[in-house]
Amino acid sequence: DYRQRLEDLDAQIERIQKEEQESNVYSIITSAESELKMWESELNTIYTALLAALSQEDAAGLAQEQQEWMQNREAKAAESSGKGGSMESLGYAAALVSITRDRAYELVERYEDTVSAS
């Protein structure tokens, strides 16, 4: 169950954040980068499953949409991070994590709708 995997990842990240003792900007950025890799991995798994569940035409549309999402994700993260040295990097990393997490849940919803309609 892909939704359960995302919920488990949310719980795992929450535990890691609570256990984290160091809270300097560098360690927070490093943690955000690790979280991003975890979310991207889950996103890719769900994306692949959704592509396989769709018709060829719908899969082509999703592939185009995903390319546009990837381009927009970078712009949205940069826009929300503002300016200001290391805090800008922190804001950018956190925004990427949030945007990627949201997209993973969006694709899970679509996957569930597609599979239940079949």
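Reader: Hi! What pattern does the protein chain follow along the sequence?
Author: Welcome! Read along the sequence, the protein chain goes α-α-α-α. Keep in mind that this is a predicted model.

Reader: Thanks. How many helices and strands is that?
Author: The protein chain has four helices and zero strands.

Reader: And what does the C-alpha trace span along its principal axes?
Author: The C-alpha trace of the protein chain spans about 50 × 30 × 15 Å.

Reader: Okay, on to the inside. What share of the 118 residues is buried?
Author: Buried residues make up 31% of the 118 in the protein chain.

Reader: Which residues have the most contacts inside the largest nonpolar core?
Author: Those are Leu6, Trp39, Leu62 and Leu107, in a core of 24 residues. Helix H1 (2-19), helix H2 (25-53), helix H3 (56-81) and helix H4 (86-117) each supply at least two residues of this core.

Reader: Nice. Which helix gives the most to this core?
Author: That would be H4, with nine residues. As a general point, nonpolar side chains in soluble globular proteins tend to be buried together.

Reader: Let me pick one of those residues. What does Leu107 touch, beyond residues up to four places away in sequence?
Author: Leu107 touches Leu43, Ile46, Tyr47, Leu50, Leu62 and Gln66.

Reader: Now Arg103. Where does Arg103 lie, and is Arg103 buried or exposed?
Author: Arg103 lies in helix H4. Arg103 counts as buried because its relative accessibility is 3%, and buried means under 20%.

Reader: So which residues is Arg103 in contact with?
Author: Leaving aside neighbours within four places in sequence, Arg103 is in contact with Leu43, Leu62, Glu65, Gln66, Trp69 and Arg110.

Reader: What about Ser98? Why does Ser98 count as partly exposed?
Author: Ser98 also has its place in helix H4. Its relative accessibility is 36%, so Ser98 counts as partly exposed; that class sits between the 20% and 50% cut-offs.

Reader: What separates the C-alpha atoms of Ser98 and Glu79?
Author: Those C-alpha atoms are separated by 13 Å, and the two residues are 19 residues apart along the chain.

Reader: Changing topic: what about the surface of the protein chain?
Author: The accessible surface comes to about 7300 Å², and 49% of it belongs to carbon and sulfur atoms.

Reader: Last one, on charges. How many positive and negative charges are there?
Author: The protein chain has 11 positive and 24 negative charges, and their mean positions are 1 Å apart.

Conventions:
Residues numbered from 1 in each chain as written. Predicted model: local features only at pLDDT ≥ 70, side-chain atom pairs only at ≥ 80, totals over all residues. Heavy atoms only, no water. Buried < 20%, exposed > 50% of the residue type's maximum accessible area, 1.4 Å probe, protein only. Areas by Shrake-Rupley, 256 points an atom, 1.4 Å probe, with all protein chains shown as cover. Lys, Arg positive; Asp, Glu negative; His and termini not counted. Charge placed at Lys NZ, Arg CZ, Asp CG, Glu CD. Core = buried A, V, L, I, M, F, W, Y, C linked by side-chain atoms within 4.5 Å. Contact = heavy atoms within 4.5 Å.
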